[in-house]
Amino acid sequence: MSAAGSSNPEYVVARVRARRGGLFGDEEYRKLTRMGPAEIARFMEESSYGAEINALGSRHGGVDLIEYALNRNLAEQFDAILDWSEGSLYDLIARYLRKFDAWNVKTVIRGVYTDADQSAVEVDLIRAGEFDDRRIRRLLEADSIDGVTEILEDTIYGEPLREAYAEYAETDVLVPLENAVDRAFYERLLSGLGGDEPTRQYEAFLRAEVDFRNATNALRLARSGADIDPAAYFIEGGDLFTRSSLARLAQDVDELVEYIGDSQYDEELGPALRELEEADSLIAFEHAVDAALLAYGDRLGTIHPVSVTPVISYILAKERETENIRAIARGKEAGLSPDEIESELVIT
């Protein structure tokens with residue numbers, strides 16, 4: 001409910017565990033890959049997405065209906081978690097959910113950059129962060145990058161975007177702006193933590209998330225061969241890379257893979273690295289990284305079963321469910337086979 005008062009992890013974890021039991025499993029995903037969009041929507045109607053499908057069904061259809069329902073359900077689920085939470089637990093969860101503010105800012109910026117229709121941008125927004133409807137509406141109505149920056153002037157994203165704007169204007173690529181958003185989010189996320197052992201484990205999880213993100217960005221750069229300064233992609237807060245080590249390792253895929261394999265994440269990322277070497281697939285690696293982060297969160301949730309970590313673990317799992325269903329719906333719309341769609345899913 002608020003950051004004031006005592007924390008109440010026992011109550012929140014109990015509510016979250018009950019909801020986690022209702023998440024789709026591997027068998028549900030495989031069924032969905034063999035359905036068309038209309039059948040997927042009907043399947044969702046009979047699940048925890050029923051209220052959203054019924055509320056939106058008269059205004060939308062096909063994949064649009066599925067996407068709107070997924071995003072609304074995600075926002076409502078996370079709003080409920082914040083409503084249940086009190087004290088420091090509320091603060092820790094609210095920090096993490098601001099990732100959706102960052103997502104929405106980047107989505108709007110991409111929409112402005114590509115001159116996309118407002119409705120096409122809106123369908124990709126996830127209203128699960130701190131931004132209220134009025135700010136979201138103003139962002140959707142912005143017709144320039146400068147306009148987006150002005151609307152965000154009083155948020156953590158305003159100054160970083162303003163500083164990155166000159167480089168964007170010079171290069172006409174979005175990387176400086178998107179990195180500015182990610183850095184602002186992670187810097188706020190990791191600032192001022194500490195306290196008890198569960199909170200320190202939560203911080204360790206966040207640092208692992210930063211490390212995994214830096215590793216993925218480095219591998220993308222190493223594979224692309226693009227003439228881009230790898231240091232521009234570096235996100236502060238992790239333990240695995242420094243700005244200089246990331247810049248050096250991104251020049252050599254083999255050295256980068258070996259470096260990650262010799263790190264503290266060998267257990268989590270070892271299978272993904274072997275798959276990268278054998279299948280030569282960066283997408284498969286990125287999916288394996290997502291699965292590793294889910295597994296890491298689950299493990300922390302068992303070590304400290306009455307703390308923020310099981311809640312974060314659920315948030316990740318729910319987010320992944322949404323991404324999997326979205327990938328299935330879009331894959332069906334694009335005419336992909338069930339096997340091709342299944343390869344796009346993150347299944348643990």
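## Overall fold

Along the principal axes, the C-alpha atoms fill a box of roughly 50 × 45 × 45 Å.

This is a predicted model, in which local features need pLDDT of at least 70 and side-chain atom pairs count only at pLDDT 80 or more, while totals for chains, interfaces and linings use all residues. Residues are numbered from 1 along each chain as its sequence is written, and side-chain values use heavy atoms, leaving out hydrogens and water.

## Burial and contacts

Of the 348 residues, 52% count as buried (buried is under 20% relative accessible area, exposed over 50%, partly exposed in between, with a 1.4 Å probe and protein chains only). The chain exposes about 15900 Å², of which carbon and sulfur atoms supply 45%; accessible areas come from the Shrake-Rupley method with a 1.4 Å probe, and for residues only the protein chains shown count as cover.

Among contacts between residues at least 6 apart in sequence, 66% join residues at least 24 apart. A contact means heavy atoms within 4.5 Å.

## The cavity

A search of the whole structure finds 1 cavity of 30 Å³ or more. A cavity here is a set of points, on a 1 Å grid over the protein atoms alone, where a 1.4 Å probe fits but cannot get out; lining residues have an atom within 4 Å of a point. The largest cavity holds about 40 Å³ of space, the volume being the space filled by probe spheres set on grid points that are joined across faces, edges and corners.

Its lining consists of Y202, F205, G297, L300, T309, I312 and S313. By type, the lining has 4 nonpolar, 3 polar and no charged residues (nonpolar: Ala, Val, Leu, Ile, Met, Phe, Trp, Tyr, Cys and Pro; charged: Asp, Glu, Lys and Arg; polar: the others, Gly among them).

E321 is in helix α18 and is buried, with a relative accessible area of 2%. Not counting residues up to four places away in sequence, E321 touches G22, L23, F24, Y29 and Y49.

R137 lies in helix α9 (residues 133–141) and is partly exposed, at 32% relative accessibility. Beyond its neighbours within four places in sequence, R137 is in contact with Q118, E122 and R127.

## Positive phi in loops

D115, in the loop between α7 (99–114) and α8 (118–122), has a positive phi near 60° although it is not a glycine. D115 counts as exposed, at 67% relative accessibility.

D172 also has a positive phi of about 60° without being a glycine. D172 lies in the loop between α11 (158–171) and α12 (175–190) and is partly exposed, with a relative accessible area of 45%.

Definitions and conventions. 1 Å grid on protein atoms, 1.4 Å probe; cavity = no way out; pocket = protein on both sides within 12 Å on 5 of 7 lines; lining within 4 Å. Helix = DSSP H or I, 4+ residues; strand = E, 2+ residues; numbered from the N terminus.
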